[in-house]
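Have the sequence and the 3D view ready, and let us walk through them together.

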Number of protein chains: 2
Amino acid sequence: MDAAAPTTPLEPTARTRVNRGRNRAVTDRAALLELLGDGLVAHLGVQVGDHPLVLPTAYAVDADGPDAEGTLYLHGSVAAHWLRSSMEATVCVTVTELDGLVAGRSAFHHSMNYRSAVVIGTARAVEDAAERRHALDLIVDHMLPGRSATLRASTRKELAATAVLAVPLREASMKARAGDPVDEDGDVAAGVWGGHLPVRRVIDAPVPAADNLPCAALPDHLLRRPTA
Amino acid sequence: MDAAAPTTPLEPTARTRVNRGRNRAVTDRAALLELLGDGLVAHLGVQVGDHPLVLPTAYAVDADGPDAEGTLYLHGSVAAHWLRSSMEATVCVTVTELDGLVAGRSAFHHSMNYRSAVVIGTARAVEDAAERRHALDLIVDHMLPGRSATLRASTRKELAATAVLAVPLREASMKARAGDPVDEDGDVAAGVWGGHLPVRRVIDAPVPAADNLPCAALPDHLLRRPTA
């Protein structure tokens with residue numbers, strides 16, 4: 001990805017164009033990358049036989065990945081049906097952060113404050129050993145920044161049991177809503193209360209596993225995620 | 001839904017059977033309904049032309065709805081392409097709650113603690129006026145319990161602009177993971193720290209809209225959602 005890319009506007013195709021609520025479409029690649037950085041779980045959708053399947057999955061983004069606009073990586077067990085179905089298939093990867101509950105003055109104007117990214121593309125099975133290791137490190141570090149460097153190398157057996165998928169960040173769109181409800185003038189004038197309830201994710205302090213040896217010390221990098 | 005239904009085990013079909021990590025499959029309908037009660041955002045997947053599309057959406061469940069095992073309701077603008085594509089189509093609705101980040105002693109054993117429900121079914125366009133109003137009330141009340149009874153009735157124009165979809169809770173599966181990492185004995189014996197970081201959602205106190213009249217009083221029911 002070239003140095004200018006983080007500010008390249010998103011260029012939606014017919015598949016990713018935001019058709020509804022265009023005022024909520026975000027066309028700033030930096031905002032997309034920030035959202036993908038904030039999110040922890042992606043929902044991957046793929047057609048499996050006669051039906052769509054949507055499953056939650058960990059992910060990571062490499063803004064300097066092999067695809068011109070950046071690469072989104074997913075992983076899973078090589079035995080997972082959904083993962084095999086996704087390889088070389090067209091997938092949709094959606095990351096949503098819920099930011100608030102919007103209490104409108106009428107049922108119609110209730111809404112949610114959120115940021116949501118939709119990426120559509122062909123999922124490439126990552127075969128190159130170096131790219132696979134890099135992608136898996138990114139996924140661990142996206143969840144727990146700084147952790148991959150502290151872990152032993154994955155074994156050949158572990159790597160063989162893990163499938164890695166790459167989706168280009170080319171066809172991507174983003175929507176966001178923030179702030180107050182947008183109500184009918186008459187409902188506001190009638191004195192009905194409107195507003196929103198902020199929603200946020202809290203990550204608590206690390207809880208040691210029951211089988212930790214007494215000598216197992218909590219590493220400093222695990223103190224980077226907790227928000228409370 | 002009959003009175004016994006909340007404890008009816010989930011009966012996965014070939015489409016919803018949990019193929020991977022069967023130890024994480026939950027076959028208790030009460031647990032499914034509890035998760036759907038806890039969640040606020042669903043991810044709806046539908047095949048649109050040559051690609052799947054996954055979008056976040058509000059939802060509600062009527063455990064006593066018209067479908068034998070309960071009904072999941074979604075709504076949106078009648079002008080929304082994804083909603084029109086979903087009508088009478090096979091959709092997948094997934095609700096995921098992230099409960100923790102699992103720091104294994106190796107990259108391979110990193111995981112997340114979560115609960116996830118996957119519902120596959122044909123989305124019925126709800127046309128009956130009473131069912132539409134009921135579903136829309138449920139969706140508002142799922143987000144903000146007690147609110148729908150305090151709002152004016154929706155206008156015919158508002159109702160005409162809103163599409164409501166119903167998905168039977170028949171083909172449903174649930175997966176859940178909780179607690180400690182499950183690591184290789186050698187990594188535990190080596191004294192590497194393992195554990196997890198709990199993740200939770202916090203809803204803050206209501207923030208009034210800038211255009212509230214001075215006389216607009218915060219209604220008590222909006223104090224039921226905040227967790228902090």
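Which residues of helix α1 (residues 29–38) of chain A are buried? They are A:Arg29, A:Leu32, A:Leu33, A:Leu35 and A:Leu36. Seen down the helix axis, these buried residues of α1(A) fall within an arc of 160°, so they line one face of the helix. (The arc is that of the directions from the helix axis to the C-beta atoms.) A residue is called buried if 20 or more other C-beta atoms lie within 10 Å of its own, exposed if 12 or fewer do, and partly exposed in between, with C-beta atoms placed from the backbone. Helices (H or I, at least four residues) and strands (E, at least two) are DSSP runs, numbered from the N terminus.

A few words on the model itself: it is predicted, local features need pLDDT of at least 70, side-chain atom pairs count only at pLDDT 80 or more, and totals for chains, interfaces and linings use all residues. Residues are numbered from 1 along each chain as its sequence is written, while chains are lettered from A and ligands numbered from 1 in the order in which they are written.

Back to α1(A): the face turned away from its buried side carries the exposed residues A:Gly37 and A:Asp38. The buried residues of α1(A) pack against β4 (59–62), β6 (90–103), β7 (111–122) and β10 (171–177) of chain A.

One of those strands, β4 of chain A, also belongs to an open sheet of four strands with the order β4-β5-β9-β8 and antiparallel pairing. (Two strands pair if DSSP finds at least two bridges between them.) At the edges of this sheet are β4 and β8 (124–125) of chain A, each pairing on one side only. Within the sheet, seven bridges join β5 (residues 71–77) to the antiparallel strand β9 (residues 162–168) of chain A. To find one, look at A:His75, whose bridge partner in β9(A) is A:Val164.

Now turn to the largest nonpolar core, which has 106 residues; B:Tyr73 and B:Leu165 touch the most other members. Such a core is a set of buried Ala, Val, Leu, Ile, Met, Phe, Trp, Tyr and Cys residues joined through C-beta atoms within 7 Å.

How do the chains relate? Chain A can be laid on chain B with an RMSD of 0.0 Å by a turn of 180° and a shift of 0.0 Å along the axis. (The least-squares superposition uses the C-alpha atoms of residues with pLDDT of at least 70 in both copies.) The two copies are thus related as by a two-fold rotation axis.

Technical notes:
Contact = placed C-beta atoms within 7 Å.
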